[in-house]
Amino acid sequence: MPELPEVETMRRIVERELTGRRLSSIDLRLPKLLRGSPLPTLDSLLGRTVTGARRRAKVLVIDWSDGLSLLAHFKLAGQLAVVWPDGRRAVAGHPIPDPGGPYPHKATHLLLGFDDGSTLYHSDLRQFGWLRLMETAAVGAALAAFGFGPEGVGPGAITAEHLGNRLARRRIPVKQALLDQGVVAGLGNIYVDEALHRAGIHPARPANGVVGGELLRLHEAIGWALERGIEQGGATIVHQRAYPRDGFPAVHGRQGEPCMVCGGPIVKTRVGGRGTYFCPGCQPVP
Ligand SMILES: [Zn+2]
């Protein structure tokens, strides 16, 4: 968290609310956020205008006038908030800081002020995320260096055949294989649990054993889970507890609660070192 749907929600907020806005102030309170950045400070962004926002896997790319781009990875706990002087706001990502509370929060590390009085607050409770400022011409190579697989949803999304080829080479648990960003880019812990539940596949089953009709169900379920997440602006998980809206998330963060399909209790286990939620009724051990 944030995973693909949360980062896509951030992208939409930046594109909708900040495109055409000129940057008038920068307050970077945690310089290490810029580690590994080709340009070592953000100063050259002053006076530039946001021209758009893109996303590849869980990396957000904010494009600026005159050929600069800011890449952001939010890792475990990143959050973006745009707040206007009248208090109106748009928030996506980790649920801390409280989206309805005061900004900046003690976990807010970057404040960008714009010419319409709006402020972009970048917060990161865990400080694992990063920012990299570079020339727009360098973005393609920078993204390619991550070795991301195809996206799970949208234009160029992974096909069932491609997914099958990638799983067939792996004997590790299917959950672990799906978390590999080289298999499906942007999928993370929440949405893998949701996709496996919808497809009726136990998370610890070997990846190369998911074939035929099960593979087709899993492929459909990955796209479904990501689209559901994007539709509702990301999932709300606080202290490992989900707050489902319209039945989503159905398993992740719902240990001991009834399965929305069969009514049995949701179980939490560990697969590949990650906390994993599933329904033993819907996802039997073969
Ligand atoms: Zn169930």
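Trainee: At what angle do α3 and α6 pack?
Mentor: Their axes (lines fitted to C-alpha atoms over the stretch in contact) run 9 Å apart. The angle, taken from 0 to 180 degrees between N-to-C directions, is about 110 degrees.

Trainee: And what's the source of all this?
Mentor: It's a predicted model, where local features need pLDDT of at least 70, side-chain atom pairs need 80 or more, and totals for chains, interfaces and linings use all residues. Residues are numbered from 1 along each chain as its sequence is written, and side-chain values use heavy atoms, without hydrogens and water.

Trainee: Are α3 and α6 roughly parallel or roughly perpendicular to each other?
Mentor: They pack at about 110 degrees. The roughly perpendicular class takes angles of 65 to 115 degrees, so the pair counts as roughly perpendicular.

Trainee: Which residues of α6 does α3 meet?
Mentor: On the α3 side, look at Ala160, Leu163, Gly164 and Leu167. Contact means heavy atoms within 4.5 Å. Across from them in α6 sit Leu215, Leu216, Leu218, His219 and Ile222.

Trainee: Why do the buried residues of α3 line one face of the helix?
Mentor: Ala160, Leu163, Gly164, Arg166 and Leu167 are the buried ones (under 20% relative accessible area; exposed is over 50%, partly exposed in between). The cover over them includes α4 (174–179) and α6 (212–231), while the face turned away carries the exposed Glu161 and Ala168. The buried ones line one face because, seen down the axis of α3, they fall within an arc of 165 degrees.

Trainee: Which residue forms a cis peptide bond with Ile96?
Mentor: Go to the loop between β6 (89–93) and β7 (108–114), which holds Pro97. Omega there is about 5 degrees, and most peptide bonds are trans. The partner of Ile96 is Pro97.

Trainee: What is omega for the cis peptide bond between Phe248 and Pro249?
Mentor: Find Pro249 in the loop between β11 (241–242) and β12 (267–271). The cis bond joins Pro249 to Phe248, with omega at about 0 degrees.

Trainee: Is Asp66 buried or exposed?
Mentor: Asp66 lies in the loop between β3 (59–64) and β4 (68–73), and its phi is near 60 degrees, a positive value in a residue other than glycine. At 72% relative accessibility, Asp66 counts as exposed.

Trainee: What is the relative accessible area of Lys75?
Mentor: Lys75 lies in the loop between β4 and β5 (78–83), with a positive phi near 50 degrees. Lys75 is partly exposed, at 36%.

Notes
Buried < 20%, exposed > 50% of the residue type's maximum accessible area, 1.4 Å probe, protein only. Helix = DSSP H or I, 4+ residues; strand = E, 2+ residues; numbered from the N terminus. Arc of directions from axis to C-beta. Parallel < 35°, antiparallel > 145°, perpendicular 65-115°, else oblique.
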